[in-house]
Every structure is written in C-alpha cells, then in structure tokens.
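Please look over the sequence and structure shown here before reading on. The briefing that follows takes up its topics one by one.

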Amino acid sequence: MARSRSDSGFGLWRYFNPAYYLRRLRRLALLFIVFVSVSMLVWDRQTLVREHEVEISKLNDEVFRLQQALEELKSIGGDVPFKILKNVEDNPVDIQRRQRVKEAMIHAWSSYEKYAWGKDELQPQTKDGVDSFGGLGATLVDALDTLYIMGLDEQFKKAREWVANSLDFDKDYDASMFETTIRVVGGLLSAYDLSGDKVFLDKAKNIADRLLPAWNTPSGIPYNIINLRHGTAHNPSWTGGESILADSCTEQLEFIALSQRTGDLKYQQKVENVISILNKNFPADGLLPININPETATPSYSTTTFGAMGDSFYEYLLKVWVQGNKTSAVKHYREMWEKSMQGLLSLIKRSTPSSFTYISEKSGNSLIHKMDELACFAPGMLALGSSGYASDEARKFLSLAEELAWTCYNFYQSTPTKLAGENYFFNAGQDMSVGTSWNILRPETVESLFYLWRLTGNTTYQEWGWNIFEAFEKNSRIETGYVGLKDVNTGVKDNKMQSFFLAETLKYLYLLFSPSTVIPLDEWVFNTEAHPLKIVTRSDSVSLGQSGGDLRRKPSIKLRPRRFGRIQD
C-alpha cells in the first residue's frame with residue numbers, strides 16, 4: 001500500500017516536469033489550448049460583469065431622472081397634453097436652414113459694423129447710422145446674445161470690447177424707460193448669463209440705476225420717459241399724462257434678474273411693487289386698458305388690447321412665474337395671468353367664411369375687429385402657459401394657440417410679398433384685410449412658431465417659419481443689410497434695419513432649426529426682446545425673492561456646458 005501511494009505520487013509530479021512535455025509536442029499543444037481557453041473564459045466573465053455593472057448604473061440614473069421629471073410634472077399641475085422636446089436631434093435640412101439664418105445674421109451684423117458701428121440702428125439705403133435711442137449702441141447690445149448663441153465668437157469679442165470701453169450712459173437724453181429696459185438692460189443681462197463676463201453685469205447695473213427714478217411717483221406706477229443724466233421723469237404728451245400699461249409693467253424679468261445677480265433688492269422691489277398695486281384691484285376678467293394714471297394707479301378709459309401698448313404686460317405675468325421656477329413665491333403672477341386668459345377668451349372671434357381665429361380689441365363695451373401683428377406673440381405665450389393648467393384646460397389653450405398661429409401665418413401668406421402688415425381688420429364675409437401696410441421686420445409670429453415647435457414637436461411650424469424667412473430674404477435683404485417695407489402690397493422698401501431684427505427675428509428663426517438643448521425652455525426664459533435669462537428658483541423665505549441663497553450676496557448661477565447655447569455649424 002505504501003509503495004503504491006509512492007508510485008502514484010511520482011506519477012502525478014511528472015506532469016509538472018517541463019521535460020515531459022518537450023518530448024510530447026501534442027500534449028504541449030493541448031495544454032496550451034486549455035490554458036488559453038480558461039484564460040479567455042475568466043477574462044470574458046470579468047468583462048461581462050463590468051459591462052453589466054455599467055448598464056445597471058445607467059439604468060439607475062435614468063430611473064432617477066424620470067422620477068425627477070415626474071415630480072416636476074406633478075408640481076406644475078398634473079398631466080401635460082403635449083410632449084416637451086428635451087433633445088431633438090439634428091437633421092440635414094435643419095442644419096442647412098440654420099446655416100442660412102446664421103449667414104443672414106452675419107450679413108446684417110457686418111453691414112451694421114461697416115456703416116453704423118456704435119450707432120443705435122443702421123440705415124442700409126443711405127449707408128449710415130442713426131441714434132434712435134439716444135446713442136446707446138442699441139443694435140450692438142441687442143445682438144450680443146444672438147452672436148453668442150450662433151457661435152460668432154470674433155464678432156462677439158469685438159462687441160464686448162465696445163461695451164467695455166465705449167458704452168456710455170451719461171447722456172442728456174430723454175429715454176424710453178421700457179425700450180431701454182428690454183433692449184439694453186435685457187441684452188446686457190443675457191450676455192452676462194451666457195458668457196459669465198462681469199463687464200455686462202456692471203453695465204446693466206449702471207443703466208438700471210439711471211432708470212430707477214422713473215418709479216418715484218405717488219402711486220409707484222412709473223413714468224415712461226426719463227432723462228439718463230438728470231433722472232427727471234415724465235410721460236409723453238400724447239398720452240395726456242397717463243402711463244402706458246405695457247411700458248410701465250414690462251420690467252419685472254430684467255429688474256428681478258438684476259437683483260438676483262447683484263444681491264441688491266432695490267431693483268426687484270420697484271418692479272414687484274407695481275404688480276402688487278395692480279393686483280389689489282385686479283378686474284375679474286384680468287383685462288386692463290392701455291392707460292394708467294401714475295398719480296392714483298387708476299386705469300383710464302382707453303382701449304383694451306393684446307396688441308400695441310398692452311401686449312407684454314400679459315406676457316410678463318406668465319414669464320415671471322416661469323423665471324421663478326413656478327414656486328409659491330411667484331404663484332400670484334400665475335393667478336393674475338390665468339384671470340387675464342379668461343378675459344382673452346372673451347375677445348376671441350372667428351372670421352367668415354374661412355373661420356380664422358383672432359383676438360379682437362375692446363373700447364368700453366364695444367369690440368373692435370382688429371388684430372395687430374404684435375399680438376401674434378400670444379400663440380407662443382398660450383402654448384408656454386398651457387402646461388400649468390389641468391389636462392382639459394391645457395388642451396383647450398394649446399388648441400387656441402395653434403388656431404391663432406394659423407391666423408398669424410396667414411397674415412404673411414395673404415399679401416403679395418408674403419410679409420405681414422402691421423395690423424389686420426376682420427369684416428363679415430371677407431375674412432381679413434391688411435390695415436396699416438408696412439412691415440418693419442417684426443418677430444412675433446416666428447416667436448410663436450418657435451414655442452409651438454419646441455412644445456409640440458410639430459414640424460409644420462418649422463416649415464411656416466422657413467417660408468417667412470425666405471420672404472424676408474426675397475423682399476428685405478439688400479447689399480448693405482436688411483430693410484423693412486413701406487407697403488407689403490407693393491414691396492417698396494424703407495431705410496431702417498430695426499435692432500430687434502437681430503435680437504429677435506433672426507434669433508427665433510435660428511432656434512427654430514436648432515436642437516432643443518440650445519437654450520432649453522426649462523432652464524431659460526426669454527424677455528420680450530428675446531433675451532434669454534437664466535431661471536432661478538424663488539423662495540418665500542427671504543423678502544421679495546430669495547434665489548437659492550441670501551440676496552445680500554450674489555447668488556451662484558452655474559451654467560452647464562452646451563446647455564445654454566452653442567452648436568458648431
């Protein structure tokens with residue numbers, strides 16, 4: 001037995017002797033094959049385990065993201081009847097069209113740069129500039145964020161240097177408080193939010209400080225004109241001393257943002273006080289006439305409209321709610337807006353025989369069957385605000401937005417030039433007819449097409465926008481820039497390239513053909529001049545709007561890479 005165990009042990013050890021295999025090549029080859037096979041099996045199993053762990057991690061992240069999205073939907077009022085586009089991929093047609101719009105911006109900007117640098121606006125036909133807003137470089141400041149979003153870096157850098165070294169607000173000039181706020185304050189704040197360059201914030205604070213005395217009235221409703229050097233304020237003579245609704249109540253987005261970014265509450269306090277005053281006696285239908293007495297804050301007997309001089313008041317009720325991330329701190333803005341939308345429903349009419357939906361105006365108890373192209377911002381506003389309603393109401397308002405957008409598109413399609421007039425009248429049996437027949441490169445219709453495309457995914461709105469762009473290219477583009485039309489029926493050209501053509505019209509057209517991750521609507525809110533401002537959550541815990549931190553210091557606003565605006569074309 002002992003010998004047998006000894007022999008057996010010796011027999012096993014020979015398999016560990018290299019000489020055994022060197023004399024038996026087949027067995028050596030077999031051993032090598034076995035070794036390689038076992039090694040590959042072990043390696044493959046380890047790789048599979050690692051890949052499995054990675055996939056589980058990705059799935060967990062996706063589940064967490066979906067849970068967050070679900071909670072957000074619940075927090076804004078239940079089911080949403082449309083899909084919110086989070087990441088629409090590029091396609092070749094969009095890329096080509098976006099590049100065409102970008103080229104249009106380059107043409108407009110280079111013409112301004114060549115013939116009107118530093119002036120408020122370019123006069124392309126006479127190849128010179130004009131200071132329509134007191135010499136504040138309105139076109140340059142208005143276009144900053146468009147340049148940045150389109151990735152026109154060299155042009156942006158040159159404009160930035162002009163702002164830093166040449167932009168001077170110490171002017172003995174009676175400025176429009178409204179136009180200066182939406183174009184200059186809004187443009188500078190947007191450039192700051194996008195680039196993080198503090199020179200823009202410092203300039204925004206400088207001009208805002210010069211505007212603040214306009215709110216020093218007995219009621220707190222601001223005057224609409226202010227001298228930038230002396231701080232003396234008044235209303236235009238043609239209003240009979242009254243303040244204009246839109247001009248007095250369309251500064252909230254900009255001044256709240258300025259308080260959030262500087263930590264100084266004074267800006268926010270001035271503009272939010274206006275809303276508090278109006279809310280005390282806000283009518284049941286939420287509709288206000290276009291004139292308000294700055295002494296008493298009493299609305300005057302005048303026209304009620306969603307067009308000129310009324311429009312952006314209603315827009316900002318919704319957008320301040322969006323800007324504050326829809327929290328309870330800004331709930332009263334949403335409540336006022338919903339009242340106003342019930343009032344808007346009372347102004348909705350339909351033409352015959354084609355049943356175009358339009359927003360009429362009201363004078364006293366009488367309806368005026370007229371709609372401004374300016375009121376074509378309303379479809380976009382309704383689409384943006386519809387998600388805050390319960391499901392049935394949301395569908396109703398989104399459907400209304402789509403009907404109004406069709407009417408606004410037909411403002412363009414109904415003229416020989418395919419460009420819209422300034423306003424339209426609706427008469428029984430005759431549908432629509434153009435009233436004031438000029439076109440000054442306005443953006444409101446393409447603005448609404450942008451919102452409707454982003455919020456529904458319906459590419460029809462892109463097609464409509466492209467048709468409008470081509471009409472601008474055909475009728476308004478000349479060698480030295482872009483001009484408006486004196487008459488959309490004859491195509492006779494004027495001599496002005498409006499600053500909002502670069503700030504709004506071309507920006508919205510560019511975004512209409514860009515992925516939805518470029519200026520996503522859950523992170524940014526556009527002011528009425530199309531300047532995107534970062535959404536910052538508002539809280540009740542600090543007076544007039546803490547933004548995730550004490551307003552005595554500058555809040556931290558972190559902009560995530562590639563989420564705020566550029567794509568390499």
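This is a predicted model: local features need pLDDT of at least 70, side-chain atom pairs count only at pLDDT 80 or more; totals for chains, interfaces and linings use all residues.

**Two pairs of packed helices**

H16 and H18 are roughly parallel to each other, since helix H16 (residues 444-456) and helix H18 (residues 499-512) pack at an angle of about 25°, and an angle under 35 degrees counts as roughly parallel.

*H16 with H18*

- The axes of H16 and H18 lie 9 Å apart, and H16 passes H18 in a left-handed crossing.
- On the side of H16 the contact is made by Val446, Glu447, Leu449, Phe450, Tyr451, Trp453 and Arg454, while H18 contributes Thr505, Tyr508, Leu509, Leu511 and Leu512.

*H15 with H17*

- Helix H15 (residues 391-413) and helix H17 (residues 460-475) have axes that come within 11 Å and cross at roughly 25°, which makes H15 roughly parallel to H17.
- H15 passes H17 in a left-handed crossing, and the contact is made by Glu402, Ala405, Trp406, Tyr409, Tyr412 and Gln413 of H15 together with Tyr461, Trp464, Asn467 and Ile468 of H17.
- The residues in the contact of H15 with H17 divide into seven nonpolar, two polar and one charged.

**The chain as a whole**

- The chain contains 18 helices and 18 strands, and 55% of its 569 residues count as buried.
- Among the contacts in the chain with a separation of 6 or more, 69% are accounted for by residues 24 or more positions apart.
- The accessible surface of the chain comes to about 24600 Å², and carbon and sulfur atoms hold 53% of that surface.

- H5 is followed by Gly151, which has a positive phi, near 75°.
- Helix H10 (residues 252-262) is mostly covered, with 10 of its 11 residues buried, and the buried residues include Glu254 and Arg261 along with Leu253, Phe255 and Ile256.
- H10 is followed by Gly263, whose phi is likewise positive, near 80°.

*Between S7 and H12*

- Ala297 is found in the loop between S7 and H12, where its phi is near 65°, a positive value in a residue other than glycine; with a relative accessible area of 14%, Ala297 is buried.
- Ser300 lies in the loop between strand S7 (291-292) and helix H12 (311-323), and Ser300 is buried, with a relative accessible area of 17%.
- Once its neighbours within four places in sequence are left aside, Ser300 is in contact with Glu242, Pro289, Asn291, Ile292 and Asn293.

*Between S14 and H16*

- Leu441 has its place in the loop between strand S14 (431-434) and H16, and its phi is positive, about 70°, although Leu441 is not a glycine.
- Leu441 counts as buried, at 0% relative accessibility.

*Between S8 and S9*

- Pro353 is placed in the loop between strand S8 (348-350) and strand S9 (357-359), and the peptide bond from Thr352 to Pro353 is cis, with omega near 10°.

Notes. Residues are numbered from 1 along each chain as its sequence is written. Side-chain values use heavy atoms; hydrogens and water are left out. Axes are lines fitted to C-alpha atoms, for helices over the stretch in contact, and angles run from 0 to 180 degrees between N-to-C directions. Helices (H or I, at least four residues) and strands (E, at least two) are DSSP runs, numbered from the N terminus. Angles under 35 degrees count as roughly parallel, over 145 as roughly antiparallel, 65 to 115 as roughly perpendicular and the rest as oblique. A crossing is left-handed if the near helix is turned anticlockwise from the far one by less than a right angle, and right-handed if clockwise. Contact means heavy atoms within 4.5 Å. Buried means under 20% relative accessible area, exposed over 50%, partly exposed in between (1.4 Å probe, protein chains only). Accessible areas come from the Shrake-Rupley method with a 1.4 Å probe; for residues, only the protein chains shown count as cover. Ala, Val, Leu, Ile, Met, Phe, Trp, Tyr, Cys and Pro count as nonpolar, Asp, Glu, Lys and Arg as charged, and the others, Gly among them, as polar.
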